[in-house]
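Here are a few notes to read alongside the model. Have the viewer open as you go through them.

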Amino acid sequence: MKELAGRLTALDPDAGAAVRVIAYFDRLSESRAGLEALVRGAAVLAGVPARLVDAERRVQVRVEADGTRQDSVVPPDPGWPSAALTPGGAAVLWLERDGAAPSVVDAVILERAAGAVRIVLDRTRGRAPADDPALVETVLDAGAPEAARLHAARGLGLDPAAPARALALLDGRPRIVAGRADAALPAGRVGVGPAVPVLDLPRSWADARTALRFTAEGTAQDPGPKVVYADELGGVALLAGLVAPGAEPPPDVRVLEAAGAGTPWLLATLHAVVSTASLRAAAAEINVHHSTLQDRLSHAEHLLGWPLRTPQGRLRLQLALAMRHLARS
């Protein structure tokens, strides 16, 4: 093959390069190379980043031209050269080459790499539904045998050696996403567990359920984030063990509820105060003049019974707002 490539190069450089590409991916396939190695080969040979996206099996691998893995949540540009792993399929291998039409060598790289990737995915990930409830339940069950959980994870298309996160939604049905969660989050309120190895996903699921309790609808009467990451809560997560859903709310929460019931702007204003860096930023967040915010704070301090413009008062307010979410049934 090397001799043939040399002869072809003398006649047609593109043809010679194409033969070398074919030989390269044949060697990778014979050595049973993994997905990252195949995507890396495509990137290095093409001289531009390469990206594999298979949403069905929750696989995203992106490698820079120098061989460094650097995943991205930015969607692929439809104008990049690409090859579907199967005709009309959603799983696609991309070369991040802007502007110019794909070359003959690019086309060969995509064809050979996509074929090798398809074989690896079919061998290692199968085609079980990505959200099979029985498999998800098994993966998240700390009491299930490790072998059963690993088998279920492979059925879901999860790489046992790669990090994944559990998601908690209001409907109670758990979900699992591989790698970074940002691009795969469903609409509505979501608690996101920490990224962990597959066998630690039961812990991620428990943390995701806790994070869900800190989410809000994002409305004037229920201000706050719709998506909360458990690993960003820190010590505030301890409050979840102290405030039971549906139980008698703590005194500061009862005061907040009473004040908010008679003052429509109150809760959104107070959330802006504790979630921004300054009062001017808070005023901009709720689109009021700085002096208007000062007047509102004076009125809120009167209703709540504690100062809101001191560090201690802001901390008390922040805890009260968090406990208000936790106290909901």
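Which residues of H9 are buried? Before the answer, two bits of housekeeping. This is a predicted model, in which local features need pLDDT of at least 70 and side-chain atom pairs count only at pLDDT 80 or more, while totals for chains, interfaces and linings use all residues. Residues are numbered from 1 along each chain as its sequence is written, and side-chain values use heavy atoms, with hydrogens and water left out.

1. **Helix H9.** The buried residues here are Leu266, Leu267, Thr269, Leu270, Ala272, Val273 and Val274. That is 7 of the 10 residues in H9, so the helix is mostly covered (buried means under 20% relative accessible area, exposed over 50%, partly exposed in between, with a 1.4 Å probe and protein chains only). The cover over these residues includes H8, H10, H11 and H12, where contact means heavy atoms within 4.5 Å. Helices (H or I, at least four residues) and strands (E, at least two) are DSSP runs, numbered from the N terminus.

2. **H8 against H12.** The axes of H8 (residues 251–262) and H12 come within 9 Å and cross at roughly 85°. H8 and H12 are therefore roughly perpendicular to each other (65 to 115 degrees counts as such; axes are lines fitted to C-alpha atoms, for helices over the stretch in contact, and angles run from 0 to 180 degrees between N-to-C directions). On the H8 side you'll find Asp252, Val253, Leu256 and Glu257, which meet Arg316, Leu317, Ala320, Leu321, Met323 and Arg324 of H12. By class, this contact has 6 nonpolar, no polar and 4 charged residues.

3. **The second largest pocket.** Its volume is about 490 Å³. Of the 19 lining residues, Phe214, Pro225, Leu233, Gln318 and Ala322 lie nearest the centre. (A pocket is an open set of points on a 1 Å grid over the protein atoms alone, where a 1.4 Å probe fits, with protein on both sides within 12 Å along at least five of seven lines; lining residues have an atom within 4 Å of a point.) H12 gives the most to this lining, with 7 residues. The lining divides into 13 nonpolar, 4 polar and 2 charged residues.

4. **Two loop residues to look at.** Arg32 is not a glycine, yet has a positive phi of about 55°. You'll find Arg32 in the loop between H2 (13–30) and H3 (35–46). Asn287 also has a positive phi, near 60°, and lies in the loop between H10 (279–285) and H11 (290–304). At 71% relative accessibility, Asn287 counts as exposed.

Methods: Points joined across faces, edges and corners; volume = space filled by probe spheres on them. Nonpolar A, V, L, I, M, F, W, Y, C, P; charged D, E, K, R; others polar. Parallel < 35°, antiparallel > 145°, perpendicular 65-115°, else oblique.
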